[in-house]
Amino acid sequence: MASELYNVIETISREKGIDPQIVVSAVEDAIVVATRKYYKTQENLRAVLDKETGQIRAYAVKQIVETVEDPITQMDLEEAQKFNPDAEVGGELLLEKPTDVLGRIAAQLAKQVIFQKVREAERDTVYNEYIGRVGEIVNATTKRQEGPDLIFDIGKAEARMPRKEQSRLESFAIGERVRVVIARVEKAAKGPQVVVSRAAPELVTHLFQTEVPEIYDNTVVIRAIAREAGERTKIAVMSKDKDVDAVGACVGMKGMRVQSIIRELRGEKIDIIEYHEDPVTFAEKALQPAKVSRVSVVDAADKHLEVIVDDTQLSLAIGKKGQNVRLAAKLLGWKIDIKSEEEKRQEVEQQMTALIGGPTTPLEKIEEEVGAGVVEKLREAGITTIEGLADMTPEQLEEVPGIGPKTVEKISIAVNNYFSSLEAGESASAEPSEEQPAEGGANEETELGPDSAGQSGDNTGLSDVAEEAPESVNELEETGQDYEAEVIEGVEDAPPADEAEVTTHGEHPGEDDTPPEKQ
């Protein structure tokens, strides 16, 4: 029959959920500590609890050897056989130490040791039980609040819910029962701490499994979930049965199923999306309620997508504080860049401009005005062309090491002078091109003079019969020069002149006597 002491040990073990042998070992260790303190010895001590009588005996343990090196822990064979005739070399000899002389101080020390050992055993039991249940949903009772943290009773242990694991929309009264997720189990100096959460996505998954039979029997599968507790949750579902609508099964008739989950989460918004293997189609669904114009894969290896939306849909696609696109990126597991049509157009224009390439002028063109030292500093800052220098603001120039306000002003003047000289050169080259047709017209008149009227006095090229030039006449009439056309036509139709009528330049005797009409 077990002693009363051993019965108490078993009762404590059941209450704490630990092995009775652990408590027995704690009692024996406590007696060893108390005995060592009382006898002030360095001997190896061992305590043994008799389950039948409940008596605890303490012994000093001696190693039996042929040659003694340490008399405190060793004893030769001859001396050992005085206590036990059956002693042999290599064995142990137990010498009993009286424990009835232990006083109150030794008993208090033994009590502390027992409590410490039992507490450590209890912590190990709690840790071993809950470390394998991480991610599991358990029912908990709100016990108290410690600062921003809530303390819950989860059965065999207390659990802590930090502020970051709480939903912004939720508050709990003392004694209220709630469902929580075991987030992690931490080993601390005061013992293992079970950390529970109401912000984990696993809670939403469990609620859908509870409310939607199709998810529970694995007809509909939850493929991905992204959550920001207290704000919005996006969940992607897929049906294994072509006759079952995955989204409709989760929503329920008139939204009854999803509304039940929303009430449990205190009004948190839930978006249910149909899962697609194609990331482009999946991204279009994940960014709902925004309407996506097009989606393109930038880098499949790095999982990078570019989404283009209409200018009016940009703010809706991004969401409040970027929430919509952030949840969509978590749901897909891809990086998403959202751009409006206007932003994409400007980006394409910039790329085309960079591809075509504009004029580049080295900084040496303004080196005389700003100095070689300034040009060198600009090069060190990565500025190598005058065009790049012109695109910079004064504030950006002042950020270059060694460039001050006066130098910025000097650079600005030099750049302006350079571009002014370019404009002046372009205007000067344009003026000769405008005057060139006028000079050509004058040359044409000079060439036509001798042939048309013969006023130069040179008979070369003159024929006795006037040639008809209908093409020139028609051209003049078409251009509106009717008078000129009439004159030329009259000259062409004139009869051949007599030799006496031909006038030549030179001395004309009696010219002064010629009447003005003849002249």
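These legends accompany close-up views of a predicted model.

**View 1. A three-stranded open sheet.** Here you can follow 3 strands in the order β10-β11-β12, with mixed pairing. At the edges sit β10 (220–228) and β12 (269–274), each of which pairs on one side only. On average, neighbouring strands of this sheet are turned by 20° against each other, direction ignored.

**View 2. Strand β11 beside β12.** Zooming in on residues 232–239, you will find that β11 pairs with β12 in the parallel sense, over 6 bridges. A handy landmark is Arg-232, which stands opposite Lys-269 in β12.

**View 3. Helix α9 against the sheet.** Residues 279–286 make up helix α9, which lies across both β11 and β12. Relative to β12, helix α9 runs at about 155°.

**View 4. The largest nonpolar core.** This core has 24 residues, and those with the most contacts inside it are Phe-282, Val-307, Leu-331, Leu-332 and Ile-338. Two or more residues each come from β10, α9, β14 (304–309), α10 (314–318), α11 (323–332) and β15 (335–340). Helix α11 gives the largest share, 5 residues. As background, nonpolar side chains in soluble globular proteins tend to be buried together.

**View 5. The surroundings of Leu-332.** Leaving aside residues up to four places away in sequence, Leu-332 touches Pro-279, Phe-282, Ala-283, Ala-286 and Leu-305. Among these partners, Phe-282 is, like Leu-332, one of the residues with the most contacts inside the largest nonpolar core.

Note on methods
Residues are numbered from 1 along each chain as its sequence is written. This is a predicted model: local features need pLDDT of at least 70, side-chain atom pairs count only at pLDDT 80 or more; totals for chains, interfaces and linings use all residues. Side-chain values use heavy atoms; hydrogens and water are left out. Two strands pair if DSSP finds at least two bridges between them. Helices (H or I, at least four residues) and strands (E, at least two) are DSSP runs, numbered from the N terminus. Axes are lines fitted to C-alpha atoms, for helices over the stretch in contact, and angles run from 0 to 180 degrees between N-to-C directions. Contact means heavy atoms within 4.5 Å. A nonpolar core is a set of buried Ala, Val, Leu, Ile, Met, Phe, Trp, Tyr and Cys residues joined through side-chain atoms within 4.5 Å. Buried means under 20% relative accessible area, exposed over 50%, partly exposed in between (1.4 Å probe, protein chains only).
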